[in-house]
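Subject: Handing over a structure, with notes

Dear colleague,

I am passing a structure on to you, with the sequence and the coordinates placed together. Please open it before you read my notes, so that each residue can be looked up along the way.

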Amino acid sequence: MTEKTPIQCPNCGDAKIWKDGLRYTANNGVIQRYVCRNCGYRFSETSLKGKSEKQNHPAYYWREGPLTLEAEIEKWEAGATASSKNQSEAEVKGKIIEFLWYLKKQGYAPTTIETYVWLLKTLHSRGADLLNPESVKEVIAKQQWSKGRKCNAVKAYTAFLKMHGLTWEKPRYKPVEKLPFIPTEREIDDLIAGCSKQMATFLLLLKETGVRRGEAFNLTWMDVDLANRTVRITPEKGSEPRMFRISEKLASMLGSLPKSQQRVWTYKGINNLEREFRRQRKKVAYKLGNPRIIQIRLHTIRHWKATVEYARTKDILYVQRMLGHKSLKTTLRYTQLIALPNNEEYICKAAKTVEEAKQLIELGFEYVTEIEGVKLFRKLK
């Protein structure tokens, strides 16, 4: 009897595969879906036969995969040709293709392009006439969206009209300002401990540096110096470039990752990483019985780092440089979080040798004083 060949991920080749439910199709019947525990890539049985799940379902590509301008245009042009009988539909699709190119030429970030185009497609699918501002305004008003998303929809349509040299009377939607959720360090550590090796390394990098998720995702091996334990961050959103010193633990975890490509992470795109993070986060929260972990997003760790560093240093300019903010106004919001009860509670440690003191400093402890030859350190809980 021949042994059954184990299923391998078509993205990274790893054999650590989980079943991820069934997909019901009209032509092929029931198809088993899988998820790779190593890179988070999702695929089905058709992918193993040389057919990509995204090729069979173009709509799946838009929200799951990275934004590729040429592929998106090709997909929309195919749709416009197929619906040539409906002249208005083809015209709208042509306008959105033109809008996508306009945003690209104007230098918008890929994530902004994806969001704006997705919002216009959603408004059109829900009955808005993109060539009629009043119709768009009415559809936006009817949506059960947060004020933040409605504000983004207004920005997207404003850019669409600007492409045509037009203006409109914009509806007034202002996002509600909220103080961000700040978890405890123990909750972040529990989340990191419960994730896969690659995801845990990514989260620990966010914890030690406070960089944005996109900045961390774009990290290449050229940016990592394991010998000197430093990482160089290429900025996004117009922020400043930074360099951080990392702990021995993080350097060791980075060194254990495969170096088969230029980029550090094997995830296909930031959306793929986000989806895998949510899956692992849910699993950890359920296992530990702590629903607060569900509220931790990738950007939450940046908020936590900024709050802790300001509480430790009381130096807002230092925190601004660490975060890479251009404006101090953006950084000042973290001063409002210092009144949290946990910020006045400390963990105290003692060090008798230079090596012990070195380890405590790498863990974020702050030197306080020395009594009878023993150095005392403290760190906020």
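This is a predicted model: local features need pLDDT of at least 70, side-chain atom pairs count only at pLDDT 80 or more; totals for chains, interfaces and linings use all residues.

Residues are numbered from 1 along each chain as its sequence is written, and side-chain values use heavy atoms, with hydrogens and water left out.

The protein chain has 17 helices and nine strands, where helices (H or I, at least four residues) and strands (E, at least two) are DSSP runs numbered from the N terminus. Of its 381 residues, 44% count as buried; buried means under 20% relative accessible area, exposed over 50%, and partly exposed in between, with a 1.4 Å probe and protein chains only. Among contacts (heavy atoms within 4.5 Å) between residues at least 6 apart in sequence, 53% join residues at least 24 apart.

Two packed helices are described by the angle between their axes and the distance between the axes. Helix α10 (residues 197–209) and helix α12 (residues 248–255) pack at an angle of about 145°, and their axes are 10 Å apart; axes are lines fitted to C-alpha atoms, for helices over the stretch in contact, and angles run from 0 to 180 degrees between N-to-C directions. On the side of α10 the contact is made by Lys197, Ala200, Thr201, Leu204, Leu205 and Glu208, and on the side of α12 by Lys249, Leu250, Met253 and Leu254.

Which kinds of pairs do the aromatic rings form? A search of the whole structure finds six aromatic pairs, where rings of Phe, Tyr and Trp (its six-membered ring) pair if their centres lie within 6.5 Å, and planes under 30 degrees apart count as stacked, over 60 as edge-to-face and the rest as tilted. One of them joins tyrosine 108 and tyrosine 116 in a tilted arrangement, at 6.1 Å centre to centre with 55° between the planes; tyrosine 108 is partly exposed at 31% relative accessible area, whereas tyrosine 116 is buried at 12%. Phenylalanine 202 and tryptophan 265 form an edge-to-face pair, at 5.1 Å centre to centre with 80° between the planes. This pair links distant parts of the chain, with phenylalanine 202 in helix α10 and tryptophan 265 in the loop between α12 and α13, 63 residues apart. Phenylalanine 202 is buried, with a relative accessible area of 0%, and tryptophan 265 is buried with a relative accessible area of 0%.

Alanine 285 is found in helix α13 (residues 270–288) and counts as buried because its relative accessibility is 6%. Its C-alpha atom is separated by 9.2 Å from that of glycine 194, which is 91 residues apart from alanine 285 along the chain.

Arginine 229 has a positive phi of about 55° although it is not a glycine, and its place is in the loop between β4 (224–225) and β5 (230–233). Lysine 314 has a positive phi near 55° and belongs to the loop between α14 (298–313) and α15 (316–323). Is each of them buried or exposed? Arginine 229 counts as buried at 13% relative accessibility, whereas lysine 314 counts as exposed at 54%.
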